[in-house]
Amino acid sequence: MSSESPTDSPEVPMENTPFPEVPDVEGKVKSNDNPVERLEAGSGKEECLESMSKRQRKKLLKQKQWEEQKDLRRQKRKEKRQKRKLERQSKLDSSSEGNDRKCMRREVVPSTLRLIVDCSFDDLMVLKDVKKLHKQIQRCYAENRKAFHPVQDIQIRTEHYSELIKKEDLVYLTSDSPDVLRELDEKKAYVIGGLVDHNHHKGITYRKAIEQGIGHAQLPLGNFVKMNSRKVLAVNHVFEIILAYLEKRDWKEAFFSVLPQRKGAVPLGEANDSSKHALSGKEDEDNDSDSS
């Protein structure tokens, strides 16, 4: 006895059997009734970020920061360009200044003229005045370095100048000399008395020149300048006037480029405002030596 299972039922031919209509899936996706579409359309920024991976979120934030800092980066680039421009200009200016200095130094022509500061008067000065003299000599050194026609290098020598230079080449500059200097002889050596004397030792440098049998002269101050004070000048003033004359070759210009206002100096023949330029005797004597 045999039995048939339901699976053994005869096959139904499928050839002419029509398929049921398949719904338009594409249409359904495009439809606003689709819940997935509604989710996408209605989701906010937070939902988008949540649906992204951690890496994508970092990338998005970096992009946002990049956009926000665009103006700041542009400003920084502008500042860097301006800084580089200023640095280039500064280098050009420094180079130009250096070239100017080189040109100036090329124009410097040392003079063969020699200047001597006679420092043999220490025993006639108190310590305060000796210190003033040292400061004046330092000024001489500084001015000589800047001069267009510097005299020979300043040296400190223990020997007396008469042992180093021939007597016929020596000229002592002293305000008491009857001889007025008209021009400088660059073959000579001019001696400036290193004495801050406060008018206590009038004529001492003139007498010294006579005793040593050397030439003497005074600067032609009285020919060009009217002064309220004495014609005695500080060591550094005499030194600077000679340097100025070597450059300008004009005594008047040399005097007025160096003489301090407190001396009340005005060109000879012009009215002198004594109230403006008056000088107390003490102030005048503090820095003067017996050379002019």
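Residues are numbered from 1 along each chain as its sequence is written. In this predicted model, local features need pLDDT of at least 70 and side-chain atom pairs pLDDT 80 or more, while totals for chains, interfaces and linings use all residues, and side-chain values use heavy atoms, without hydrogens and water.

Me: How many salt bridges does a search of the whole structure find?
Reply: A salt bridge is a side-chain nitrogen of Lys or Arg within 4 Å of a carboxyl oxygen of Asp or Glu. One of them joins R157 to E159, with the closest N and O atoms 3.4 Å apart. The search of the whole structure finds eight.

Me: Is K208 buried or exposed?
Reply: K208 meets D118 in a salt bridge, 2.7 Å from N to O. The pair links distant parts of the chain, 90 residues apart. Buried means under 20% relative accessible area, exposed over 50%, and partly exposed in between (1.4 Å probe, protein chains only). K208 has 14%, so the answer is buried.

Me: Which residue forms a salt bridge with D71?
Reply: D71 is exposed, at 54% relative accessibility. The closest N and O atoms are 2.8 Å apart, and the partner is R74.

Me: In β4, what is the bridge partner of L173?
Reply: Strands (E, at least two residues) and helices (H or I, at least four) are DSSP runs, numbered from the N terminus. Two strands pair if DSSP finds at least two bridges between them. β2 and β4 pair in the parallel sense over three bridges. In β4, the partner of L173 is A217.
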